[in-house]
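Look at the structure first, then work through the points.

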Amino acid sequence: MTSANAIAKPTLKPAFSYKVDTSASYLVKGWFAPGQISLIFGASNVGKTFFCTDLAYHVYTGEVWNGCRVKQGKVLYIATEGHSCFDKRMEAIKRSRGVPQNVDEDDWLVLLHKINLHCSEAVAALDKLLEGHCFDLVIIDTLAMALGAGSENENTTYNAVLRHLSIFRKAGNTHVMLVHHPGKDQSRGARVHSSLQAAVDTEVLLKSEDGRVAVTVTKQRDHGREQKLFYALDEVVLGEDQEGDPITSCVVRFLEH
């Protein structure tokens with residue numbers, strides 16, 4: 001399965017009749033494109049959710065993301081785990097980034113629920129829930145908790161997942177971002193079957209490195225792999241609990257080197 005729009009009727013064309021579409025759009029220029037699938041992976045506690053919520057915020061507002069142009073769009077964030085911390089993470093973003101005044105709050109929706117992309121019946125129910133909505137970015141955090149009874153080691157599981165991702169991409173231009181974990185050997189990529197790795201357009205590794213987190217593109221179908229960023233997680237104090245101890249969360253702060 002490819003991430004390109006399916007061709008309704010097969011056609012034959014001369015090879016050199018194809019022209020470059022210079023008006024081709026982007027979601028995050030040089031990083032993530034509409035209609036594609038990306039995989040963000042890294043070890044536990046490296047800050048994958050913080051990274052993805054920061055990216056979601058920039059798509060929601062259309063603000064430049066670490067020097068890269070961003071197309072403002074509608075976002076769906078599906079948090080399949082970490083529900084008890086999500087409110088604190090969003091409060092930290094509000095306090096550090098501010099609440100946008102000229103953006104509809106319904107343009108960033110959150111689903112705090114475990115979904116099952118392996119089961120057709122569960123996907124049909126999710127499809128009904130999302131009826132009437134069209135998103136530019138859908139983030140599934142994490143993929144492992146969205147497989148239901150499927151196995152990470154089976155090709156049939158990921159074939160079903162890839163097939164069911166179509167419910168998010170009805171308009172053909174939704175970027176689907178999957179958050180996952182690496183295998184035992186991080187140099188071999190994320191902990192997924194080769195069928196999913198082949199279908200993914202962009203793969204990004206988040207890895208702790210010298211007291212910071214390195215963001216490295218390990219696969220990019222349409223761009224070079226020169227992109228590499230670094231970020232730190234800044235603590236944000238949200239208040240105090242009943243014992244007077246601080247309630248905290250974090251936000252991403254990108255570093256120059």
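Lys 48 touches Ile 40, Phe 41, Gly 42, Ala 43, Val 179, His 180, His 181, Leu 206 and Tyr 231, leaving aside residues up to four places away in sequence. Contact here means heavy atoms within 4.5 Å. This is a predicted model: local features need pLDDT of at least 70, side-chain atom pairs count only at pLDDT 80 or more, and totals for chains, interfaces and linings use all residues. Residues are numbered from 1 along each chain as its sequence is written, and side-chain values use heavy atoms, with hydrogens and water left out.

**Lys 48**

- Lys 48 sits in helix α1, residues 48-61. Helices (H or I, at least four residues) and strands (E, at least two) are DSSP runs, numbered from the N terminus.
- Lys 48 is buried but has no salt bridge. Buried means under 20% relative accessible area, exposed means over 50%, and partly exposed lies in between (1.4 Å probe, protein chains only).
- The nearest side chain of opposite charge is Asp 141, 6.8 Å away. Lys and Arg count as positive, Asp and Glu as negative; His and the chain ends are not counted.

**Salt bridges**

- Side chains of opposite charge can pair when their charged atoms come close.
- How many salt bridges does the structure hold? It holds seven. A salt bridge is a side-chain nitrogen of Lys or Arg within 4 Å of a carboxyl oxygen of Asp or Glu.
- Arg 95 pairs with Glu 91, and their closest N and O atoms are 2.9 Å apart. Both residues lie in helix α2 (residues 83-97), four residues apart, about one turn of the helix.
- Arg 95 is partly exposed at 48% relative accessible area. Glu 91 is also partly exposed, at 25%.
- Glu 91, Lys 94 and Arg 95 are linked in a network of salt bridges.
- Lys 228 and Glu 209 form a salt bridge at 4.0 Å, N to O. This pair links distant parts of the chain, 19 residues apart: Lys 228 is in strand β8 (residues 228-240) and Glu 209 in strand β6 (residues 202-209).
- Asp 234 forms a salt bridge with Arg 253, with the closest N and O atoms 2.6 Å apart. Asp 234 is in strand β8 and Arg 253 in strand β9 (residues 246-255), so this pair too links distant parts of the chain.
- Asp 234 is partly exposed at 23% relative accessibility. Arg 253 is partly exposed at 41%.

**Cavity and pocket**

- The structure holds one cavity of 30 Å³ or more. On a 1 Å grid over the protein atoms alone, a cavity is a set of points where a 1.4 Å probe fits but cannot get out; a pocket is an open set with protein on both sides within 12 Å along at least five of seven lines; lining residues have an atom within 4 Å of a point.
- The largest cavity has a volume of about 60 Å³. Its lining includes Phe 50, Arg 89 and Cys 250.
- Which helix gives the largest share of this cavity lining? Helix α1 does, with four residues.
- The second largest pocket has a volume of about 330 Å³. It is lined by 17 residues; Asn 45, Lys 48, Thr 49, Glu 81 and Arg 89 lie nearest its centre.
- Helix α1 also supplies the largest share of this pocket lining, three residues.

Notes. Points joined across faces, edges and corners; volume = space filled by probe spheres on them.
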